[in-house]
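The following questions and answers go through one protein chain. The sequence and the structure come first.

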Amino acid sequence: LGLAGRTAWWIGYSVSTLILGLLLLLFAPALDVAIVDALRRRTGAAVGFGVAAFILIPIAAALLLLTIVGIPLGLFVLLGLALLYTVGYVVGAHALGRLLVKPPTSRFLAFLAGLGIVRLLGLIPFVGGLVWLLAAIFGLGLLAVAARRRPPVAAPVTRPSPAPAIPPGP
């Protein structure tokens, strides 16, 4: 029953993360560019923000539970952690795929490559948990950095000045 349960969980989580990742890339196509940008320019910040988010969000939720007014929000945040960490895991898998499959190759192919690697590593006891933790932390950090990313500033649109009037000839 133990091996069958672990196998069923692995298959279920693999399918769930596949669907979640495909939906993210389908409905947020700019996410790929933002992840690549954050991965290239702000890797250290992504790790730092990821560790902070992974640790501080549950602490903040627990502190909310200490107040009468904050109990509902604290419960909702604690319940939402599984989804939040899974989104981070999916983004971390996509980032790993982007390290291997360079643009302009399809963002979907990059995601599938990264997800395949982390899910195969997920079959190994202890290593799978460690890979999940690192991917979730790094993915959360990439999302935080990408959310703070400023879009490129377009050059101001200028209108051409009117042609000088030519005085009438003699």
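Q: What is the accessible surface of the chain, and what percentage belongs to carbon and sulfur atoms?
A: This is a predicted model, in which local features need pLDDT of at least 70 and side-chain atom pairs count only at pLDDT 80 or more, while totals for chains, interfaces and linings use all residues. Residues are numbered from 1 along each chain as its sequence is written, and side-chain values use heavy atoms, with hydrogens and water left out. Accessible areas come from the Shrake-Rupley method with a 1.4 Å probe, and for residues only the protein chains shown count as cover. The accessible surface of the chain is about 10,900 Å², and the part belonging to carbon and sulfur atoms is 78%.

Q: What pattern does the chain follow along the sequence?
A: Helices (H or I, at least four residues) and strands (E, at least two) are DSSP runs, numbered from the N terminus. The chain has six helices and zero strands. Read along the sequence, the pattern is α-α-α-α-α-α.

Q: What percentage of the contacts with a separation of 6 or more comes from residues 24 or more positions apart?
A: Contact means heavy atoms within 4.5 Å. Among contacts in the chain with a separation of 6 or more, the share from residues 24 or more positions apart is 73%.

Q: What percentage of the residues in the chain is buried?
A: Buried means under 20% relative accessible area, exposed over 50%, and partly exposed in between (1.4 Å probe, protein chains only). Of the 170 residues in the chain, the buried ones make up 32%.

Q: Which residues have the most contacts inside the largest nonpolar core?
A: A nonpolar core is a set of buried Ala, Val, Leu, Ile, Met, Phe, Trp, Tyr and Cys residues joined through side-chain atoms within 4.5 Å. The largest such core has 30 residues, and the elements giving two or more residues to this core are helix H1 (2–27), H2, helix H3 (43–65), helix H4 (71–100), helix H5 (107–121) and helix H6 (127–148). Leucine 142 touches Ile35, Ala38, Leu39, Ala46, Val91 and Ala95, not counting residues up to four places away in sequence. The residues with the most contacts inside the core are Tyr89 and Leu142.

Q: Which residue forms a salt bridge with aspartate 32?
A: A salt bridge is a side-chain nitrogen of Lys or Arg within 4 Å of a carboxyl oxygen of Asp or Glu, and by this rule the count comes to two. For aspartate 32, the closest N and O atoms of the pair are 3.0 Å apart. The pair links distant parts of the chain, helix H2 and helix H4, 66 residues apart. The partner of aspartate 32 is arginine 98.

Q: Which side chain does histidine 94 meet in a polar contact?
A: Histidine 94 is in helix H4 and counts as buried because its relative accessible area is 2%. A polar contact is a pair of N or O atoms within 3.5 Å; within protein, one must be able to donate a hydrogen and the other to accept it, and residues adjacent in sequence count only if both atoms are side-chain atoms. At a distance of 2.6 Å, the side chain in polar contact with that of histidine 94 belongs to aspartate 32.

Q: Is aspartate 32 buried or exposed?
A: Aspartate 32 is in helix H2 (residues 30–41). Leaving aside neighbours within four places in sequence, aspartate 32 is in contact with His94, Arg98 and Arg107. Because the relative accessibility of aspartate 32 is 9%, this residue counts as buried.

Q: Is arginine 41 buried or exposed?
A: Arginine 41 forms a salt bridge with aspartate 37, with the closest N and O atoms 2.7 Å apart. Both lie in helix H2, four residues apart, about one turn of the helix. The relative accessibility of arginine 41 is 68%, so this residue counts as exposed.

Q: Which helices each supply at least two residues of the nonpolar patch?
A: Patches are made of residues with over 30% relative accessible area and no salt bridge: like charges are joined within 9 Å, nonpolar side chains (Val, Leu, Ile, Met, Phe, Trp, Tyr) within 5 Å. The nonpolar patch on the surface has about 1,000 Å² of accessible area together, and its residues include Leu99, Ile117, Phe126 and Leu130. The helices that each supply at least two of its residues are H4, H5 and H6.

Q: What is the phi of phenylalanine 126?
A: Phenylalanine 126 lies in the loop between H5 and H6 and counts as exposed, at 70% relative accessibility. Although this residue is not a glycine, its phi is positive, at about 65°.
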